[in-house]
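Please keep the sequence and the model at hand while working through the exercises below.

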Amino acid sequence: MKTKKTLGLAAAASITALSGAWASEINIAREMDANNYDPHKTTALAAAEILFMLGDTLIAIEPDMQTITPGLATSWEMSEDGLTYTFKLRDDVKFCDGRAMTADDVVYSFSRWLDPATNSPVNWRAGEVESITAPDATTVVYKLKSPFSELLYQLTQSFATIIDKNQVEAMGADFGIQGMNGTGPYCWESWNPRDQLTMTKHAGYAWGPDFYENKGEAQIDRLVWQVVPEENTRTIALMTDQTQITQYVPYIALEQLKSAPNVNVVQSDSAFWTYFIGFKIDKDTVADPAVRRAINMAVDQDALAQGQFFGGVLGAHSYISPETKDWDPALEAELPPYDPAAANALLDEAGWVPGSDGIRVKDGVRLAPVGYFFTGSTWQKLSEYTQAELRKIGVDLQIEVFDATVAWGKMATQEFDAFGMSYPYVSAGDALNLYFPSTNIPTPNRMNWDDAETDQWLDEGKAALDDATRAGAYSKVLHKVHDANVWLPLIHEPRTIVSSTRLAPIVPHSNYGAALYKGLDLKLVE
Amino acid sequence: MSAVDAAAAVEAAPARRHWFVALMRDPAAAIAIIVFVLIAVAAALAPWLAPYDPTESTRNMMLPPVWAERGIPEHLLGTDGQGRDILSRLLYGTRMTLLIGLIAVVAGGGIGSLLGLLAAFYSRLDPWIMRSADVMLSFPAILLGLALVAVMGAGIMPVILALAIATVPDSARIARSVAVGVMKQEFVEAGRAVGLSDRTLFTRYLLRNCISSIMIFMSLRFGQVILLGSALSFLGLGARPPASELGMMASQGRDFMLFAPHIAIIPSLAIFVIVLTANVAGDALRDVLDPRMRS
Amino acid sequence: MINALVNRLLLSIPVLIGVVIFGFLLIKMAPGDPAQIMAGPAATPEIIARIREQMGLDQPLIVQLGRYAERLIQGDLGRSLISNRSVASELGAAIGPTVELMIASLIWAVPLGIGMGTIAAVKRGSWVDRAIMAVSVAGVSLPIFFIALVLMQFLGVTLQILPFMGRGGPLWTVDGLRHVAIPALSLGLIFVGPVARMTRSSVLEVLRLDHVRTARAKGLTERRVILRHALRNALIPVVTLIGLQAGYLLGGAVVTETIFSYPGIGRLAVGAILSSDFPLAQGTLLVLALGFIIINMIVDMLYAILDPRAQKS
């Protein structure tokens, strides 16, 4: 018995000793891989979390998601008409291959982002660009055709990562697949899709954002990003120290992990990632505003957050979380309360009569909206919970599930009544400009929300030159879409990081959901 | 008339007369058959036996079975991650799993055996049928299931179809090999000599002489089909929520392995017991009916 | 033997053509627009239309099939819609790990199964036989995912002696072996039962045959009789079984690879099909079918080696 025990312990020790080849190496577990690591050709969170570490942006954003802070640019200026931004760059920045970064690289990166030949799905995030030029090696002039109050926030995103022209041209279609030479705190080592991506620290790195205690070289020599699709495996991998840090921990495990001796759990205070169900407002089943309001009153989001997610998320009552930049607190009193009885009464009043099976009918229309959802355990919980709640008011939500890659195509059609979606955002403007302009029908404005006032206010917000004007314009949009109950908000998801106690605790970042952001504070405890 | 009688005499193997008695004399087989029948009956009666609606979720999530700490008698086997009664889901899930296996084996085995018999009966057809079977064999069931799901979307139909199609080539091979042996026997010659039609020869002699072997193959195949079907469901390709199916239940339960292992273990054990009893019964059936066929 | 091989090769041509056409059509029928998938979630209709044109998706089906076949002959399997990596390199990276996993599974499971089966046959009717057969039938009846989850829990979590996540490296490295251990144990376990059962029945069969009786009559020891005469012949059906069960093994590999995040071709195939990555899905189907043909060829060769009579005919 005794020998057996020692054997087990010795072997356990050897698991941790596996990383012996490197002075310090940690394994980071995540749920899925990205399709590629070309900043202009992917919108995946899995890509953003890698790109933030491999590369840098001109400006960075603090964990509060409000404050813009210097990155590769030491300072920037906006002209009075809001059309010209001038960035002053650091002169000591080097790519991983040792070449010095200059303003030309910045111009190249942004030009490629905007070039129609790149087919970037996210080039709208760069604004309506007139020209981007480099008067000298450390100055970049970014000229817009019309003001874009979101620009600085958009430039903190991974899409605005500065890339290496020489490498892009040398690699062609393999850029972001075979390699990605950036200026970030870590350098690309290798990638085996759906399995592992490894990176090593960038020697000589010295331009980390100010809010990091460590602005210099990374404190870990090598990072191994391991794809582990199974929730249970990720959890036990953490508990057995096969992985040292992850932000993809099932909520059910959080409580237990919090009390586990060898694991730290930290959660961001606020959430900038929201799950919602959107309604196609011109479909018979959900065209009636009373139906949409009743649905919003029938679902108990707080119980959902507690019961299905064990309190690891926040019940969402609004389309963006109340900590978001330009959120209007005055709106909170107007949001529909949870009240199934009132919801039932509202539907009765509107003429929706329960049939023999309990499902309401009006003018031959059965209240059985077809909802399209993604596969995966989170959407399974959300959709099945909503289905059960809505049944109580005589609404029979039909759940149809699609794998992510197929789902995007299906959700671009007009064949459904409702759709489940989740998204990260930096500000109210970021969220609203994505989903509500009529020009974004049929996708991402899958609701077919076609409203001249909304369009006008969104333009006002975009063109605003001061904070008050911008916040005022977006507030009007927020009021309008919440009043119309275009969505059913479900949960706001904060970033949670679970890590081994061998690592120093980390403050989770919320930028695009990439909780480790630049990874500069990853450090082994002595 | 005399030819027919002669053939009937050949066909009636002595061991078959009391095959059921012989079967029940083997204690392992007897237990397996009784357990299997009990499970099948319970599954068939699921709507009447199940204490709860299998899709109804309560706020009582991840309750352990009644014999464990925290277990309550209202939920004998506990509840799953959505707070649904596991016993009720188990009953409905078993019904679904058995149905999937049964339909797939009967349809696939039936078509495959027919093709195999035809191949043996009409030698012209033989290369075509067996070559096609080879092509089908190079698409293993799991890939077929994946491909069909890609076309039809996840659901029970593509899984049944995949399992049925995957059963076709194997049963064609078995049926052919048995039938080729039968075709060599004298009564077929005799039947032809007295001018019996192909149809009569095929149905009354060939089919009747091969049917027991085919049945044995199907019963042995049943367990394998159940396992494959549950693997497909486990991968998320089978039944869609909120329906109950054992493989899917196990799959949903694996996320809770650490904190509520019973959610995955109970349906897995149910699959194990079903397949085990089917295999033991199938083996015994083979030993009793056809001691020669041992592969 | 050469003849048999050439025959096999010739016969496999129609099989391969069938697989190519089948794979092409099946994937074409699938929902999901390749151009949309390639363009990604936020693409505008113009981008999608441009990609469709670039990929020749606006051409008639038969033209697309022709082009697909033409490229196949040149060895070009296309590029993944999702990662834009070449399908050949994706497959290249995934085949090795799966072959390793299968080898690591069979290398212990087949000898163990043969050993168990032989002992059971020799001790026919004894409690040893009954015990071995009971274990085998139980092994055959266990769902692979259950075995995998239990082994992971026991060896990985309770005892913490083996890792259970990903692949550590090539099979011949210590890290590679450790990482493949639990998956190979799980996958091998489902194979022990069938091999044991098959061995037992065919050894019994052979023991009844004339030349074995003669050998016995000549006074050879029972051990020699079994090892030299019976086992060799009894292995023929076992070898056939492995060929026939390759599909079963692959099914097990898909589940095993999924549970243990093992980067093999099974997981690649599942991922490609579920994400409608058409070129990659076609590539995996083709490679797997090819794998089957190769396995069956190896089986034929082993068959010829084991059974001298087959060589003559």
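Predicted model: local features only at pLDDT ≥ 70, side-chain atom pairs only at ≥ 80, totals over all residues.

Residues are numbered from 1 along each chain as its sequence is written, while chains are lettered from A and ligands numbered from 1 in the order in which they are written.

**Exercise 1.** Determine whether the span of helix α7 (residues 141-152) of chain B agrees with its number of residues, and how far it is enclosed.

Solution. Helices are DSSP runs of H or I with at least four residues, strands are runs of E with at least two, and both are numbered from the N terminus. Next, a residue is called buried if 20 or more other C-beta atoms, placed from the backbone, lie within 10 Å of its own, exposed if 12 or fewer do, and partly exposed in between. Ten of the twelve residues are buried, so the helix is largely enclosed by the rest of the structure; among them are Ala141(B), Leu144(B), Gly145(B) and Val149(B). Just after the helix, Gly153(B) takes a positive phi of about 85 degrees.

**Exercise 2.** Describe how α5 (residues 86-121) and α10 (residues 198-234) of chain B cross.

Solution. Axes are lines fitted to C-alpha atoms, for helices over the stretch in contact, with angles from 0 to 180 degrees between N-to-C directions. The two axes come within 8 Å and cross at roughly 140 degrees. By class, the contact of α5(B) with α10(B) has 15 nonpolar, six polar and one charged residues, where Ala, Val, Leu, Ile, Met, Phe, Trp, Tyr, Cys and Pro count as nonpolar, Asp, Glu, Lys and Arg as charged, and the others, Gly among them, as polar.

**Exercise 3.** Which strands stand at the edges of the seven-stranded sheet of chain A?

Solution. Strands pair if DSSP finds at least two bridges between them. The open, mixed sheet has the order β8-β9-β10-β1-β11-β22-β12. The edges are β8 (186-192) and β12 (263-267), each with a single partner strand, so one side of each lacks a neighbour in the sheet. Six bridges join β8(A) to the antiparallel β9 (residues 196-201) of chain A, and Ser190(A) stands opposite Thr198(A).

**Exercise 4.** How many residues of chain A are in contact with chain B?

Solution. With contact meaning C-beta atoms, placed from the backbone, within 7 Å, 17 residues of chain A touch 15 residues of chain B. The side of chain A divides into seven nonpolar, seven polar and three charged residues.

Terms used:
Expected span 1.5 Å × (residues − 1). Contact = placed C-beta atoms within 7 Å.
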